[in-house]
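Me: I'd like to learn how to read helix packing from a model. Can you walk me through it?

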Amino acid sequence: LCTDALCASAMSMNVFKYDALLQTDTARYKDYVLSDMRKDFKVMLDQGATSTWETIDGAVAFGNAGSLCHGWTALPVYYFHRLGIAKYQE
């Protein structure tokens with residue numbers, strides 16, 4: 001699925017997309033990266049997640065075998081720090 005000039009990617013692959021965009025032009029893509037990240041992680045927070053999911057579908061993914069604990073999804077902490085965001089803001 002592609003919108004504008006970017007295609008959707010799996011949550012585990014977003015780190016590569018975000019790094020490429022920010023390396024190309026941080027000022028231009030900072031808001032996009034933060035917004036894209038927030039849309040997925042907000043779903044988890046709104047569902048009361050205490051850890052981060054393998055996919056945005058949560059436990060129902062993969063025939064109800066979706067994992068709800070993935071370390072790579074701690075990336076918002078990295079990007080908030082890298083982009084100078086002091087705390088999570090909707």
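Predicted model: local features only at pLDDT ≥ 70, side-chain atom pairs only at ≥ 80, totals over all residues.

Me: At what angle do the axes of α1 and α3 cross?

Reply: Roughly 130 degrees, with the axes coming within 10 Å. Angles over 145 would count as roughly antiparallel, so this pair is oblique instead.

Me: Which residues of α1 and α3 meet?

Reply: The α1 side includes Tyr18, Leu22, Leu34 and Phe41, and the α3 side includes Leu75, Tyr79 and Phe80. By class, the contact has 11 nonpolar, one polar and three charged residues.

Me: How far apart are the end C-alpha atoms of α1?

Reply: Compare the span with that of a straight helix at 1.5 Å a residue. For the 33 residues of α1 that would be 48 Å, but the ends are only 21 Å apart.

Me: Where does α1 bend?

Reply: At Thr26, by about 140 degrees. Just after α1, Gly48 has a positive phi of about 80 degrees.

Key. Residues numbered from 1 in each chain as written. Heavy atoms only, no water. Axes fitted to C-alpha atoms, helices over the stretch in contact; angles between N-to-C directions. Helix = DSSP H or I, 4+ residues; strand = E, 2+ residues; numbered from the N terminus. Parallel < 35°, antiparallel > 145°, perpendicular 65-115°, else oblique. Contact = heavy atoms within 4.5 Å. Nonpolar A, V, L, I, M, F, W, Y, C, P; charged D, E, K, R; others polar. Expected span 1.5 Å × (residues − 1). Bend = angle between axes of the 7 residues up to and from the residue.
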